[in-house]
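These are my notebook entries on a structure with several chains.

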Amino acid sequence: MRVALFVTCVNDAVYPATGIATVKLLERLGVDVDFPAGQTCCGQPQFNTGYRHETEPLVRRMGRVFADYDHVVTPSGSCVAMIRDNYPRIGHRAAAEGRGDELGRVAQSLVPRVYELTEFLVDVLGVTDVGAYFPHTVTYHPSCHGLRLLGLGDRPRRLLEAVKGLELRELPGAEECCGFGGTFAVKNPDVSAAMGIDKVRNAAATGAEVLCGADNSCLLHIGGILHRQDAPLRALHIAEILLSTEAEPQL
Amino acid sequence: MNARDRILARVRAAVEDAPEPPAVVRDYLVSHTPDDPAVVLDLLHENLADYRARVHRTDTAGVGALVSALLGARGATSVLVPEGLPPEWLAETGCVRVEDRPESTAAELDAVDSVVTGCALAIAETGTLVLDAGTAQGRRRITLVPDHHICVVRVPDQVVASVPQAMVRLDPGRPLTWISGPSATSDIELDRVEGVHGPRTLDVILLSP
Amino acid sequence: MSGTFVGMPAFPKAAREAVRDTTLRGNLRHATHTIRDKRAKAVAELADWQRLREAGSRIKDMTLRHLDDYLVQLEESVTAAGGTVHWAADAEEANRIVTGLVKATGETEVVKVKSMATQEIGLNEALAAEGIHAYETDLAELIVQLGDDRPSHILVPAIHRNRGEIRDIFREKMASWGRPAPEGLTDIPADLADAARLHLREKFLRAKVAISGANFMVAETGTLVVFESEGNGRMCLTLPETLISVVGIEKTVPTWQDLEVFLQTLPRSSTAERMNPYTSMWTGTADGDGPRAFHLVLLDNGRTDALADDIGRQALRCIRCSACLNVCPVYERAGGHAYGSVYPGPIGAILSPQLRGTTSEIDASLPYASSLCGACYEVCPVAIDIPEVLVHLRERVAGQGGPGHRLEKAAMKAATWAMDHPAAMAAGERLASRTRALHPKRPPGATAWTGSRDLPELPEEPFRDWWRRTGGGKNRT
């Protein structure tokens, strides 16, 4: 089984700890992970802002870089959703514009091999107890792409519930968007911030120490608000919690 | 080119290259309720009551007294009577009978206290009465302007479980009014309040043979 | 669309004011959260919901694909049943037809059933210009009309008002429109509904002409359908002598049986009821029962433009239930007015720019008025993939190269170039990490982000450098 990590551009530049945690966690579970250096970005920011044509070179690159792997694992639900939902659309549109089926073939090849981290753990490796220890109170924000597009369902929750010492607290309004939405956060800053502030208020009301998510783009936004408010709550990616052990605590 | 031709031409141009969409599949349920008349009747009762209709059960022998009691409890002195209303339904009331006539004005109807009608059918799953302006139902407006409506449903003939079962029994050529509880509104803070322009009180009599 | 929305500012600007209006925020939050939970319960009662949703979606797609045939069939059916069919290519034509029909009756007053289509074309204003008073009879429309306000929701146009505000509007304004509000009117919803009943009753009883829209038109039978709750619809549809219905061409369904799907999905999606209190179905005119004259005005007004767009046309499936508004986190905070259209919320964000085009500031901003969270698609009873259409319309707006978009396009191209050259991207990341001590948390020029959020601290090294340095964590460092 050849497994590649698609770390994503945001994690590469801003949250390397999430990428590192993903690698170490998978290694601990006996999976040999490769990081093909030619990878960059899935093209989600371009595509969702209305620049489909500008996205296409990145689709081709994703296809090339990950061509030889059985599984591509990424700690970002929204990037998986981009590939699963939008790569086929991009291929379809290109064909409709008379530009052949090259992009469509990339989508067809890539889509069945790409997994969000918690999907990979639960569905492919078949584990929910990853041997983690994290003696803290945690509330989980499911993120829209994971919740509605990927249908991650209770996978993240099952993983968290199996972590020793971890107390999971119900997040009120968990299914509501945090307000990030990529360029939405800067094109509609007031509404975006209002949504984020409500999310933070709900998270704080749980009394948890950690707000956990499976998508760092949401946590970038939520974390930015937490930092501004000087809140005692800390945003943390699920990979880092799952990596945490008694010997090597992550918090 | 007139507007008709212009619009039709624009429609044709718009969909010219569109592929044929997938065929409509009607694999939804014909009914959500067990095929048992007693269960269906109980569900109708429950759903009518849930939307604040007042539900009563009686048989042919008791219907006259029940109607009389309902009119009396409201203090009604006049009652609108559609053509073909079984005389025994009003046999025991002392209310003045006002006939449903085409020339009566809205103001005249407004002066009548109550109206008694039958219906075309009732739908259990939604708690709905359907009137089709047929026998014992009268013109649409007579069940609208008076503030009190007594509607008699013949059990089990006029009771169906579901909307799809109702559709096949209705004639779209007739004016149809679907009534689910007394008039209501959700316009204030999206919360339901009963009693606006239509009858504020709806009595439903489930009439067994 | 209605003149009242001309010159609306772009969505972000209008939304900024709404976000800061704490009363409005409270009103919207209360109302949308109330209905959200109820809808979920009403939908959960039907085990075959997803199949009904799929059937509804396919019925609409089939109708749209052959809309020309169904419109011709509808015209024949309505005409055969005693109605008269008119066609209006745009708002102006529709207003001219309706105004002419009202004038021909000699009346100077009409009563109206709530109708999105007549709001869209600004019919009330057109009638007023000809000396005809149009009285809105839906409770929420009455609140909007008395308050000289604009609608902010498809189903509940006065959703931005709470009970106290409604009481004040009734107390202050009812007298100048007819019967005054009762002495000592309270803000109890039942009392407010009762005040509306008394105020409107005299108008219903004397009305000779009514104007409505319709939720559905059945091509096969010529039947029109209006879903309502209060009975104002029934009053308008049955008491007057003349009924004029203005209906968008996309409201057609092919067969009588098709209604059984929407009769199940619309009320549950809309008011979260198993069935709304009143649904009226009429086919042409009926002897001695209801209006003697029935006119149907079929309205295009941009619908065929939407129909011509292979991705955008799914917006025409919309049955105006407003479930997408009630569940939308953006709508909840920005309110309906910010959308600058009678069609607010997620569906408005894809419908308005298609009906009106994307040239105005507001229409060009609407496709971006979403975080693409997908809650709207999830609840839509006809499965309109609103996020898909939003992104598609963004492409159209970006392609126009309007204000801001030229620079944005250049930036996107540059980003794509960098990301297609990993060495360049890595160099950029490395530079950013090495100079991180110099980065302020709130850099000037980034206020859109930093107005309420801090930027994250950049790491010592990007992931790819860690990987190279440590051999993926395998080398001891």
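**Entry 1: a helix of chain C and its neighbours**

I began with helix α1 of chain C, whose buried residues pack against α10 (184–187) and α11 (189–205) of chain A, together with α2 (22–44), α15 (329–334) and α17 (361–365) of chain C. I took helices (H or I, at least four residues) and strands (E, at least two) as DSSP runs, numbered from the N terminus. A residue counts as buried if 20 or more other C-beta atoms lie within 10 Å of its own, as exposed if 12 or fewer do, and as partly exposed in between, with C-beta atoms placed from the backbone. Two residues are in contact if their C-beta atoms, placed from the backbone, lie within 7 Å.

The model is predicted: local features need pLDDT of at least 70, side-chain atom pairs count only at pLDDT 80 or more, and totals for chains, interfaces and linings use all residues. Residues are numbered from 1 along each chain as its sequence is written, while chains are lettered from A and ligands numbered from 1 in the order in which they are written.

Which residues of α1(C) are buried? Within residues 11–20, I listed F11(C), P12(C), A14(C), A15(C), A18(C) and V19(C). Seen down the axis of α1(C), these buried residues fall within an arc of 160°, so they line one face of the helix. The arc is that of the directions from the helix axis to the C-beta atoms.

**Entry 2: chain A as a whole**

I found 13 helices and eight strands in chain A. Its radius of gyration is 18 Å, close to the 18 Å that the globule rule gives for 251 residues, so chain A is as compact as a globular protein of that length. The radius is taken over C-alpha atoms, and the rule is 2.2 Å times the number of residues to the power 0.38. The C-alpha trace of chain A spans about 55 × 45 × 30 Å along its principal axes. Of its 251 residues, 61% count as buried.

**Entry 3: strand β7 of chain A**

I then asked which residues of β7(A) are buried on each side. Strand β7 (residues 210–213) of chain A is covered on both faces, with V210(A) and C212(A) buried on one side and L211(A) and G213(A) on the other. In a regular strand the side chains alternate between the two faces of the sheet.

I count two strands as paired if DSSP finds at least two bridges between them. Strand β5 (residues 137–140) of chain A pairs with β7(A) in the parallel sense over three bridges, and V138(A) stands opposite V210(A). β7(A) also pairs in the parallel sense, over four bridges, with strand β8 (residues 234–237) of chain A, where L211(A) stands opposite A235(A). From β7(A) the chain crosses through helix α12 (residues 216–229) of chain A to β8(A), and this β-α-β crossover is right-handed. That term applies if, with the strands pointing away from the viewer, the path from the first strand over the helix to the second runs clockwise.

**Entry 4: where the chains touch**

Two pairs of chains touch, and the most contacts are between chains B and C. In that contact, 77 residues come from chain C and 62 residues from chain B. Helix α3 (residues 49–65) of chain C gives the most to the side of chain C that touches chain B, with nine residues. I divided the residues of this side into 42 nonpolar, 19 polar and 16 charged. Here Ala, Val, Leu, Ile, Met, Phe, Trp, Tyr, Cys and Pro count as nonpolar, Asp, Glu, Lys and Arg as charged, and the others, Gly among them, as polar.

Chain C also has 51 residues in contact with 57 residues of chain A. On this side of chain C, α20(C) gives the most, with six residues. No contact joins chain A and chain B, and their closest C-alpha atoms lie 12 Å apart.

In what order do the eight strands of the open sheet stand? I read β8(B)-β5(B)-β6(B)-β9(B)-β9(C)-β6(C)-β5(C)-β8(C), with mixed pairing. β8 (159–160) of chain B and β8 (252–253) of chain C stand at the edges, each with a single partner strand, so one side of each is left without a neighbour in the sheet. Strand β9 (residues 176–179) of chain B and strand β9 (residues 278–283) of chain C pair in the antiparallel sense over four bridges, and W178(B) stands opposite T279(C).
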